[in-house]
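Work through the exercises below with the sequence and the 3D structure at hand. Each task is followed by a solution in steps.

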Amino acid sequence: MMNGYRAYLPILPVAATYALLLGIGVVSPDHWQLIAQLAFYCALGQAFNLFMGMTGYVDFGYVAFLGIGTYGMAVSIYTLSDKGLGIGVVLIGLVLAAIFSLGLSLAVGAVALRLRGAYFAIATIGVNEGFRYLLEGARIWNGADGIIFSRHLRQGVGRQTAMALSTWWADILVFGVAFLAAVLTLVYMRNKVGYALLALREDEDAAKVMGINVTRYKIIAFITSAILAGLLGASAWALKLTYVYPSDVFAIHYTVEAIIIVLLGGAGTLLGPIFGALTYGAAKYFLAIVLPGFQLLIFAPVIIAIIVLFPDGTVGLLKKRLRDTPLGKFII
Amino acid sequence: MPLLKVRNVTKCFGGLVAVNNISLEIRHGETLALVGPNGAGKTTLFNLLNGVFPADEGQIIFEDVDVTHFPAYRRAHLGIGRTFQIPRPFNSATVRENIAIGGMFGAAGSEIDVDRAMAMADHYIEVMGLSPHRDKPAGGLTPIEKKLVEIARALAMKPRLLLMDEAMAGMNPKDIDKMVAFLKEIRETEGIAIVAMVEHIMRAVSGLAERVLVMHQGAKLVDEPTREALSDPRVIEVYLGKPPEADHAHG
């Protein structure tokens with residue numbers, strides 16, 4: 001099972017799905033916004049799954065990492081665009097996004113990861129709201145006025161490039177984050193990290209007795225998941241919109257969407273978040289057209305039904321069914 | 001030098017003294033049966049030995065290292081393995097993965113990668129007769145099979161000391177004999193010292209243990225070779241109550 005490249009075969013359906021999405025978007029530019037939105041949900045689900053799916057811990061403050069990543073990009077472009085760095089400001093922005101989300105995840109993780117299960121979830125709810133009010137109240141990074149940096153981006157990289165960045169490259173980066181999250185998930189699954197996370201998800205006390213330093217592995221998953229979220233915020237929000245307001249980015253409903261996506265597809269599976277993201281994203285998009293305003297009303301019972309009927313998520317169920325078939329080695 | 005040295009260890013839960021000033025020594029490769037009625041403090045003593053919670057007082061020394069304040073995972077790295085009374089396999093993981101996890105993170109864990117651990121798991125699957133269940137999720141096994149998985153997982157940790165919590169409860173006499181023979185064999189081949197907690201399966205005690213430690217109400221009542229312990233009137237009293245008075249005998 002573990003021998004060489006065959007262990008990494010499940011990355012193929014992931015790559016194929018993203019290539020297909022990208023292909024549809026290129027062939028049919030009218031649908032590009034939908035495709036970009038689906039890619040965002042895929043990346044969000046994959047990144048969130050890396051922590052929630054693999055550890056079983058639910059982080060209700062997750063969107064804070066996307067938010068602070070957005071600020072990483074915004075701060076870079078806003079302050080460095082007149083330094084003649086050209087496209088370098090975007091690269092620095094990505095690095096800053098990663099550093100900011102790393103810093104925040106270390107701070108949150110050091111405190112919250114000492115708590116178990118529901119206590120962890122409750123503690124993290126406060127993180128996002130608290131961080132937003134900190135920015136607004138202390139007027140950090142312009143507080144509630146946000147940072148509007150469209151002009152700075154144009155000034156830094158030129159009008160043409162700025163346009164291309166916001167309308168095309170930002171979305172490509174989102175695909176990149178989604179794929180990176182999938183690759184990291186699979187690498188973790190195939191290495192000791194993944195087995196440590198599997199053990200602690202199933203039974204944290206037994207895992208400790210087996211010699212697993214559970215805190216260490218929880219922090220590894222937490223940080224990885226947070227950095228991916230930071231990069232996602234930097235590309236899908238900062239680079240695409242070229243402005244950022246605390247109330248827009250520190251919005252808890254994104255965390256809720258991430259939870260829905262992961263549960264729909266199957267927590268702790270590789271393909272689950274993609275399936276969840278595509279189902280959720282497409283359903284939300286079409287319901288908004290067919291029954292505008294009623295999406296949430298329809299979603300609630302559907303989600304409850306799915307969670308009751310398929311507690312392992314759709315891919316979780318599929319994985320069980322296909323375990324002993326040739327397809328089984330692709331579906332995890 | 002003993003493998004494990006416990007000095008005056010005490011643990012209280014609120015007003016209850018669960019383990020009261022216990023001292024004991026375990027030699028390399030020795031098998032000790034830890035015996036005592038329900039509530040005697042056996043499980044608490046196990047939890048103190050492998051670091052599930054810290055002792056309130058006293059000292060625990062394993063192979064010359066003072067592990068009194070070590071968390072459970074560090075004691076596992078030093079070579080203290082453990083099985084639980086009610087088996088706790090990682091349910092969604094396969095039997096093979098469960099056992100491999102023991103190898104990956106146990107005493108030799110730092111040198112063992114995933115592939116090696118899987119190969120080790122295959123070895124223990126073979127030894128324990130779990131081959132038909134190799135790729136099944138452990139959660140779907142019978143309680144006895146789960147127990148076997150747990151023992152295999154603990155052995156894959158390559159422990160120097162194995163704490164077995166009621167390893168044979170619920171087994172039929174034939175299986176107990178098989179398990180006793182198996183444990184004797186691994187004690188020889190792998191040089192593991194075993195502390196087996198046994199509530200009342202005397203068949204296992206007499207077949208396996210060289211020494212018996214009887215606990216009663218948190219304290220050490222008896223610590224002597226198996227034969228003497230099993231006929232010790234204090235032990236009989238703990239289990240069966242006082243012998244009838246003389247006038248009762250007449251009546």
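Helix 8 of chain A gives the most to the lining of the largest pocket, with six residues; helices here are DSSP runs (H or I, at least four residues) and strands are runs of E (at least two), numbered from the N terminus. The model is predicted, so local features need pLDDT of at least 70 and side-chain atom pairs pLDDT 80 or more, while totals for chains, interfaces and linings use all residues. Residues are numbered from 1 along each chain as its sequence is written, chains are lettered from A and ligands numbered from 1 in the order in which they are written, and side-chain values use heavy atoms, without hydrogens and water.

**Exercise 1.** Describe the largest pocket and its lining.

Step 1: apply the rule. On a 1 Å grid over the protein atoms alone, a pocket is an open set of points with protein on both sides within 12 Å along at least five of seven lines; a cavity is a set where a 1.4 Å probe fits but cannot get out, and lining residues have an atom within 4 Å of a point.

Step 2: take the volume, the space filled by probe spheres set on the points, which are joined across faces, edges and corners. The largest pocket holds about 1,400 Å³.

Step 3: list the lining. It has 48 residues, and K319(A), R323(A), I332(A), T94(B) and E97(B) lie nearest the centre. Elements that each supply at least two residues include helix 2 (32-55) and helix 7 (159-190) of chain A, and helix 3 (95-105) of chain B.

Step 4: sort by class. Ala, Val, Leu, Ile, Met, Phe, Trp, Tyr, Cys and Pro count as nonpolar, Asp, Glu, Lys and Arg as charged, and the others, Gly among them, as polar. The pocket lining then divides into 21 nonpolar, 13 polar and 14 charged residues.

**Exercise 2.** Describe the interface of chain B with chain A.

Step 1: count contacts (heavy atoms within 4.5 Å). In chain B, 32 residues touch 23 residues of chain A.

Step 2: find the buried area, the accessible area (1.4 Å probe) that two parts lose on being put together, summed over both. The two chains bury about 2,200 Å², 66% of it on carbon and sulfur atoms.

Step 3: on the chain B side, Y73(B), F90(B) and F105(B) lose the most area, together 29% of what that side buries.
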